[in-house]
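Let us walk through this model from its overall layout to its local details. Keep the structure in view as you read.

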Amino acid sequence: MMQARARRSNREGDKMRIVCPKGKIDVHARIKDASITNMKPIATLVACLSFATLLPAAGDPPVDFVKQIKPILADRCVECHNSETLLGELNLQTRALAFGKRKAGPVIVPKHADKSMLYLVLTLPPKDKKAMPATGHRIPKDEANLIRQWITEGADWPEGKDGAITPQHKKSGK
Ligand code: HEC
């Protein structure tokens, strides 16, 4: 990767310091050909962009429950986890219910995705009987990561209509 090479190369050449416009990232790069200095603005941009992807969450907006998490739960989870079909003694229709008391303990531990069954069940091997969703294809990794990030950020789940999920009764398509 670009920035890795730029950091690790310690051979002969001119030294160049790249400072991102935000001022957060310093890159010390050695370049072999002085003419490359002409590319400094581009190199800066590339270095900043690639560092930006290495530092998730840095400037990213927090995960939005209503836009990003609710659709996943609504599509793939609430059909089995609602007041009528209460599998695993878990109801995911509202925040209060999802955080409600269960014998097996809470499924969401805000800020601790690694202790939250709501996330962990998505990462279990498919053969595990606790791997979720219990039927159908697995949740794509990027969506599981969203749930992970949402929990890490505090698992903000609004009360009221915005946070309420109605089970979808077998529509065509999905
Ligand atoms: C087809 C039905 C079905 C679907 C869909 C489903 N579940 Fe489950 N879920 C179950 C059953 C059955 C259990 C009880 C499993 C057990 O404890 O053996 C369960 C249990 C759980 C538990 C509790 C595990 C524990 O250790 O107590 C969590 C958390 C969970 N499901 C999350 C989810 C999530 C998140 C989704 C959506 C991605 C989902 N489930 C989709 C059927 C389903």
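Begin with burial: of the 174 residues of the protein, 19% count as buried. The model is a predicted one. It holds seven helices and two strands. Along the sequence, these elements follow the pattern α-β-β-α-α-α-α-α-α. Contacts give another overall view. Take those between residues at least 6 apart in sequence: 49% of them join residues at least 24 apart.

The largest nonpolar core has 21 residues. Which members touch the most others? They are I108, L118, Y119, L122, I147, W150 and I151. Helices α5 and α6 each supply at least two residues of this core. The top contributor is α5, with four residues. In soluble globular proteins, nonpolar side chains tend to be buried together.

I147 shows how the pieces meet. Setting aside neighbours within four places in sequence, I147 is in contact with I69, I72, L118, Y119 and L122.

Next, follow α6 itself, residues 141-152. This helix has twelve residues. From first C-alpha to last, α6 reaches 16 Å, close to the 16 Å expected at 1.5 Å a residue. Its buried residues are I147, R148, W150 and I151. They cover an arc of only 165° around the axis, so they sit on the same side of α6. An α-helix has 3.6 residues a turn, so residues three or four places apart point the same way. The cover over the buried residues of α6 includes α3, residues 65-76, and α5. The face turned away from the buried side carries the exposed residues K141 and D142.

G154 has a positive phi of about 120°. A155 also has a positive phi, near 55°, and is not a glycine. A155 lies in the loop between α6 and α7, the latter spanning 160-163. Is A155 buried or exposed? It counts as buried, because it has 23 C-beta neighbours inside 10 Å and 20 or more is the cut-off.

E89 counts as exposed, because it has 12 C-beta neighbours inside 10 Å. A cis peptide bond joins M132 and P133, with omega about -5°. Most residues other than glycine have a negative phi, and most peptide bonds are trans.

How many residues surround the ligand? There are 20, and the closest are C77, C80, G88, M132 and A134. This shell divides into 13 nonpolar, three polar and four charged residues. Helix α5, residues 117-123, gives the largest share of the shell, three residues.

Finish with F99, in the loop between α4, residues 95-98, and α5. F99 counts as partly exposed, because it has 15 C-beta neighbours inside 10 Å. Beyond residues up to four places away in sequence, F99 touches P106 and I108. I108 is also among the core members that touch the most others. F99 and V109 are ten residues apart in sequence, and their C-alpha atoms are 8.9 Å apart in space.

Terms used. Residues numbered from 1 in each chain as written. Predicted model: local features only at pLDDT ≥ 70, side-chain atom pairs only at ≥ 80, totals over all residues. Near = placed C-beta within 6 Å. Nonpolar A, V, L, I, M, F, W, Y, C, P; charged D, E, K, R; others polar. Core = buried A, V, L, I, M, F, W, Y, C linked by C-beta atoms within 7 Å. Contact = placed C-beta atoms within 7 Å. Expected span 1.5 Å × (residues − 1). Arc of directions from axis to C-beta.
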